[in-house]
Amino acid sequence: MKPFLKPFSFCLIVGLAAPVSVLAEDEQASVNPDPWQGFNRAMFSFNDTLDRWFLKPLAKGYKAVMPDPLETGVSNIFSNVLEVPNVINGVLQGDLKGAGHDTGRLLVNTTLGLGGLLDVAQYMNLPADEREDFGQTLAVWGVGQGPYLVLPLLGPSTVRDGLGKPIDWYTDPTNYIDHVPTENTVKGISLLNTRAQLLSLEKNLTGDKYVFIRDVYLQRRAYLINNGAVEDDFGTEDFSEDDFE
């Protein structure tokens, strides 16, 4: 099978094989989104230790030696590459307008933006959009979220998002670099760049770090799946005049 056909075949397989148990557990997950907390905390501790002693120091060093303009350029390049899965998932979700927007950004920044180094598209009424992944596509297809799940090395997820990660791998163009040293270098820089961008956010961590990250992740995923439409129940309660006397 040709490499560019693999994402679509895997999309079909996973979409048809998504376990019914995930759908059945979705109502329960809305009440208790973290029934596997013992396992999740153990995985979180493992990931956090690895990050604290290895990844975070490297990310700090990366940020220290990288000039800000170059760091921005590297971020732009990886964001441009990820427009490819954005387009694929937009089409799979039936969001042709969003897929067209992302296709326009990809074409403009790849050509006029020197391979994505410069975000020229933002000045052509094509601002950066939220990232689309196969977990979101499964949600659009009606697959339930399932319990919260912390994956080793990969971090916060849910059962549904975990099912989508193999497809995300197949739709990431960097996985098709046909030179192992180059591929490893690209992935290493991508990882360091992503971790460096998170350094400034750590000051917002409060209370139980595990709970904070879990809640932020689940809220963020709900925001992305609903394309920013967050339900606000303020003012929906029924009040009578007696309540104000």
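Helices and strands are named here as DSSP runs numbered from the N terminus, and the structure shown is a predicted model.

**Figure 1. The G116 region in the loop between α6 and α7.** G116 lies in the loop that joins α6 (96-111) to α7 (134-140). With a relative accessible area of 2%, G116 is buried, because buried denotes a value under 20%. Apart from its neighbours within four places in sequence, G116 is in contact with G73, N76, I77, N80, N109 and T110. The C-alpha atoms of G116 and V74 are separated by 8.5 Å, although these residues are 42 residues apart along the chain.

**Figure 2. L114 in the loop between α6 and α7.** L114 is also located in the loop between α6 and α7. L114 is not a glycine, yet its phi is positive, at about 55 degrees. Its relative accessibility of 58% places L114 in the exposed class, for which the value must be over 50%.

**Figure 3. T137 and its contacts.** T137 is part of helix α7. The relative accessible area of T137 is 0%, so this residue is buried. When residues up to four places away in sequence are not counted, T137 touches N89, L92 and Q93. Of these contacts, L92 is 45 residues from T137 in sequence, with a C-alpha to C-alpha separation of 6.8 Å.

**Figure 4. The crossing of helices α4 and α9.** Helix α4 (residues 68-81) and α9 have axes that come within 10 Å and cross at roughly 115 degrees. This angle makes α4 roughly perpendicular to α9. The crossing in which α4 passes α9 is left-handed. On the α4 side, the contact is made by E71, V74, S75 and F78. On the α9 side, V186, I189, S190, N193, A196 and Q197 take part.

**Figure 5. The salt bridge between R41 and D208.** The structure holds 14 salt bridges, one of which joins the side chains of R41 and D208 at 2.8 Å, N to O. R41 belongs to helix α3 (residues 37-65), whereas D208 is in the loop between α9 (180-198) and α10 (209-225), so the pair ties together parts that are 167 residues apart in sequence. Both side chains belong to residues that are partly exposed: R41 has a relative accessibility of 31%, and D208 has a relative accessibility of 35%.

Figure 6. Side chains of opposite charge can pair when their charged atoms come close. In the salt bridge of D51 with R195, the closest N and O atoms are 2.7 Å apart. Because D51 lies in helix α3 and R195 in helix α9, this pair ties together parts that are 144 residues apart in sequence. D51 is buried, with a relative accessible area of 16%, and R195 is buried as well, with a value of 8%. A network of salt bridges links D51, K56, R195 and E202.

**Figure 7. The salt bridge between R221 and D161.** R221 and D161 form a salt bridge whose closest N and O atoms are 3.0 Å apart. The pair links distant parts of the chain, with R221 in helix α10 and D161 in helix α8 (residues 159-170), 60 residues apart. Both R221 and D161 are buried.

Figure 8. The structure has 5 aromatic pairs, counted from ring centres that lie within 6.5 Å. W169 and Y170 form an edge-to-face aromatic pair, with 5.1 Å centre to centre and 75 degrees between the planes. W169 is partly exposed, at 45% relative accessibility. Elsewhere, ring pairs link F44, Y148, Y210 and Y217 into a cluster.

**Figure 9. L153 in the loop between β1 and β2.** The loop between β1 (148-151) and β2 (155-158) contains L153. L153 has a positive phi of about 75 degrees, although this residue is not a glycine. At 64% relative accessibility, L153 counts as exposed.

Key: Residues are numbered from 1 along each chain as its sequence is written. This is a predicted model: local features need pLDDT of at least 70, side-chain atom pairs count only at pLDDT 80 or more; totals for chains, interfaces and linings use all residues. Side-chain values use heavy atoms; hydrogens and water are left out. Rings of Phe, Tyr and Trp (its six-membered ring) pair if their centres lie within 6.5 Å; planes under 30 degrees apart count as stacked, over 60 as edge-to-face and the rest as tilted. Buried means under 20% relative accessible area, exposed over 50%, partly exposed in between (1.4 Å probe, protein chains only). A salt bridge is a side-chain nitrogen of Lys or Arg within 4 Å of a carboxyl oxygen of Asp or Glu. Helices (H or I, at least four residues) and strands (E, at least two) are DSSP runs, numbered from the N terminus. Axes are lines fitted to C-alpha atoms, for helices over the stretch in contact, and angles run from 0 to 180 degrees between N-to-C directions. Angles under 35 degrees count as roughly parallel, over 145 as roughly antiparallel, 65 to 115 as roughly perpendicular and the rest as oblique. A crossing is left-handed if the near helix is turned anticlockwise from the far one by less than a right angle, and right-handed if clockwise. Contact means heavy atoms within 4.5 Å.
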